[in-house]
Structures are given as C-alpha cells and as structure tokens.
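Please look over the sequence and the model below before reading on.

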Amino acid sequence: MPSSPVTSETGDPLLLTPGPLTTSKSVKEVMVHDWGSRDQTFITINREVREQILDVAGASETHVCVTMQGSGTFAVEAMLTSFVPKDGKILILINGAYGTRAAKICKIAGRAVTTYETAEDIPPNVAEIKKILEDDTKITHVFAVHCETTGGILNPIKEIADVVKAASRRLLVDSMSAFGALEIDAKDVYYDALAASSNKCLESIPGMGFVVCRETALAETEGNATTLTLDLFDQHKVMEATNQWRFTPPIHVIVSLHKAIEEYLEEGGQKGRGARYANNRDVLIKGMREMGFKTLLPDPLQAPIIITFHMPGDPKFDFQTFYDKLHQKGFIIYPGKLTVADSFRIGCIGRLYEKHMLAALNAVRETMAELGVANGTPAIAAE
Ligand SMILES: *Cc1c(COP(=O)(O)O)cnc(C)c1O
C-alpha cells in the first residue's frame, strides 16, 4: 500500500467508519500483557471502568453499569431481553437498521412488539409517540436509538424520554454510536437502561458492550432473561458478589477501554470529544459540499458521528472504484445502508482530527479527478 502522508499513530489507514474505528497507539499498546481474570490487578481495572462509565453517563447515584461480552448488539439484546418481562410489550421506534434489529431481537425472544417507523432521514414525532402510548395501554417499554448510525440522524432523545416518563412507561436507549460524544446525562434524560460499547466514541477496541441500568429497575428483572449468557440481572448479581464476570471476561478489551477512558477524560470528556467530532463533521461537510456532494440530512439533524452523502449523478462515478482508490490513499470509508437513497457514508469519529479530515478531502478530490468526475452533484440535486 502506498504510504499516505497522514496515517493513524500506528501507520494504518484511517478508518472513516462508525466503529470499529481508529484508536490511539497507547490504547493498543496497553494490551501487550497477560492478566489473570481473578487477580486483583484486573479486578481493580474492571471496577474502575464500570465506575467511570457511570460517571460519563451522569448516573453514579441512580444506575449501575453491567458489562457484557461481545459486540454492541449483544449488549442491546441483553438489555431488551432482560428488561422487557414475558408479559410486557415494547414500542420500538425505527428510523434505520438498528431499530429494525431491535424489533427482530424482541420477536425472536417472543416479546410482544409494536413499531413506529419513520424514514431514515426523519426523526420520530414526539406527539405521535404520546398518542401511541395513550392508545395502547399494554405497552410497558419504549426503545429508542440515540444516533441512528444508518443515516447518521440525531434522534430527539430528551423529548422522547420526557414523553415516555410522562406516560409512566420505561425507556430503553441504544446510545451505541453517541455515548461519550453526545450529551445524554441520566440526571436529565430519564431511562431505565442505556446500551453502548467499547469501540465507538470511547475510542477503544471492539469486544464488549455495557448497559447502564437504573438500579431499582434492574432489581425487578430477575427471571426475565431468555438466555443464560445475556442475563443482565445475573451478570450484575455475580459481579457485585464476587468481583468476577460470570464467564471469561474480554480482559484485553477492558484494559484497553480503561486506557481509552483516561485519554477521554484528558480530552475534556463529553464536551471535549463532542467538540472535536463536531469540528470534524463540519470540516468534512464543508469540503464535500465544495465538490458538489450533497448530504442526506439537513444540518440540524446531522449528528457528528457519520455523514451520509448521495451518490454523484455523473455516470463516470463508480462507488467501488472510488472506495478502492481512497483505500489506496489510506482512507477507509463506509458503503451506504439506506433504503431511502443511493448513498455512501463517511465517519468522523475515532482518533481523527481536523488534519485527517482535510487529508481525506484531498484524497476525495484527487480520486474524483482520477475518475474524471467533475463534481459530486447527485442526480436528484434539482431540489
Ligand atoms: C454500532 C451500533 C450497534 C452495535 O453494532 P455491533 O455491530 O453489534 O457492534 C448498535 N446500535 C447502533 C446505533 C450502532 O451504531
């Protein structure tokens, strides 16, 4: 691979993706050791990580952090199947693949499900949620995605939380791609559980998720679980009693996350990280628009996580060639996953700074010239 003038700290291509993402060299370096899972050194690191996550969530007084092996979806599945009781019913708010996936999880688990779906570029209407909850008194829980990574849209999580609480129902949040970078303070946004993972805005490696659980709500979940491994009640009970994970912990991931949180706090926590990502987003969108590209979302709905661009209308633009040429230049972007529009995505999270976004824009400019594409204007750009 030709060397890029700008690479990650370890010389790797930059991941302009929503995670797994580019991590710092130090976050990877802390993993070159072995730890005993029952040894005090690891137990201390594990306890600190769980406490720090609660701190980031603003939830130390009210919630507990239950960690879970696996990718983020394992944590979401653990949350849904542990919190929604067998005789419960959940309203799933869908505007992308992660909402759809949550509905599938609940159906497999045999839970009663109803959905409220809007297009990938449309947030749910809070008045509509209120009405659904009034009309269907069987609904006990509501599931919402904070930033729906499919289109990159920011959903109105505070307004959703308020309407769910006013209707005396329970809220379960998938904040996977937002937690740590976008504000969601448990003192302000009322929820029973919130799921996120190690490998998104906290900038560690993949391998574990966690669920921030309201302690009183978790206490009511005994016997709800549909699987042994994803039972949050039991996972928490055993960890509190023994300081141990029930099954082999992802030790290296936890140690890496511990380091990543240290760097996160050095950066100024949610405010610092959120500001860097917002600047990355703004620089990227500005540069892409200068080349004629058009974003799927209007600016007020665009979270600083991942940006969806319409495919250029020029017939000389071939996405696979565009992708491959960017990869050769040291940048890995993300294909589209939308149903509403032919598109591709560029992430702006991970160990990426303004200089990386500017370098990515240069690479896009060069690649467009190599393809003979004059500009990125989509076919539908008449509007
Ligand atoms: C990344 C992500 C997940 C989890 O996906 P995994 O591939 O299982 O890590 C869940 N929800 C959202 C919104 C995400 O962005």
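How far from an oxygen atom of the ligand does a polar side-chain atom of T149 lie? The separation is 2.4 Å, which falls under the heading of a polar contact (a pair of N or O atoms within 3.5 Å; within protein, one must be able to donate a hydrogen and the other to accept it, and residues adjacent in sequence count only if both atoms are side-chain atoms). This is a predicted model, in which local features need pLDDT of at least 70 and side-chain atom pairs count only at pLDDT 80 or more, while totals for chains, interfaces and linings use all residues. Residues are numbered from 1 along each chain as its sequence is written, and side-chain values use heavy atoms, with hydrogens and water left out.

**Ligand surroundings**

- The residues around the ligand include S71, T73, Y98, R101, C147, T149, D174, M176 and K200, where a residue is near a molecule if one of its heavy atoms lies within 4 Å of it.
- A polar side-chain atom of S71 lies 2.5 Å from an oxygen atom of the ligand, and an N or O atom in the side chain of K200 is 2.7 Å from an oxygen atom of the ligand.

**Pockets**

- The largest pocket holds about 270 Å³ of space, and its lining consists of 23 residues, of which T73, Y98, R101, M176 and K200 lie nearest its centre.
- A pocket here is an open set of points on a 1 Å grid over the protein atoms alone, where a 1.4 Å probe fits, with protein on both sides within 12 Å along at least five of seven lines; lining residues have an atom within 4 Å of a point.
- Grid points are joined across faces, edges and corners, and a volume is the space filled by probe spheres set on the points.
- To the lining of the largest pocket, α4 gives the most, with four residues; helices (H or I, at least four residues) and strands (E, at least two) are DSSP runs, numbered from the N terminus.
- The second largest pocket holds about 190 Å³ of space and is lined by 13 residues, with H146, I157, K158, E183 and I184 nearest its centre.
- Helix α6 (residues 157-166) contributes the most to the lining of the second largest pocket, with three residues.

**Strand β14**

- In strand β14 (residues 343-347), five of the five residues are buried, that is, under 20% relative accessible area, whereas exposed means over 50% and partly exposed in between (1.4 Å probe, protein chains only).
- In a regular strand the side chains alternate between the two faces of the sheet.
- In β14, S343, R345 and G347 are on one side and F344 and I346 on the other, and both faces are covered.
- Strand β11 (residues 306-310) pairs with β14 in the antiparallel sense over five bridges, and I307 has I346 as its bridge partner; two strands pair if DSSP finds at least two bridges between them.
- Strand β13 (residues 334-335) is also antiparallel to β14, over two bridges, with Y334 partnered by R345.

**Loops and backbone**

- T17, in the loop between β1 (14-15) and α1 (25-29), counts as buried because its relative accessibility is 6%.
- The side chain of T17 reaches the backbone oxygen of P20 at 3.0 Å, and the peptide bond from G19 to P20 is cis, with omega near 0 degrees.
- Most residues other than glycine have a negative phi, and most peptide bonds are trans.
- S168, in the loop between α6 and β8 (170-174), has a positive phi of about 55 degrees although it is not a glycine.
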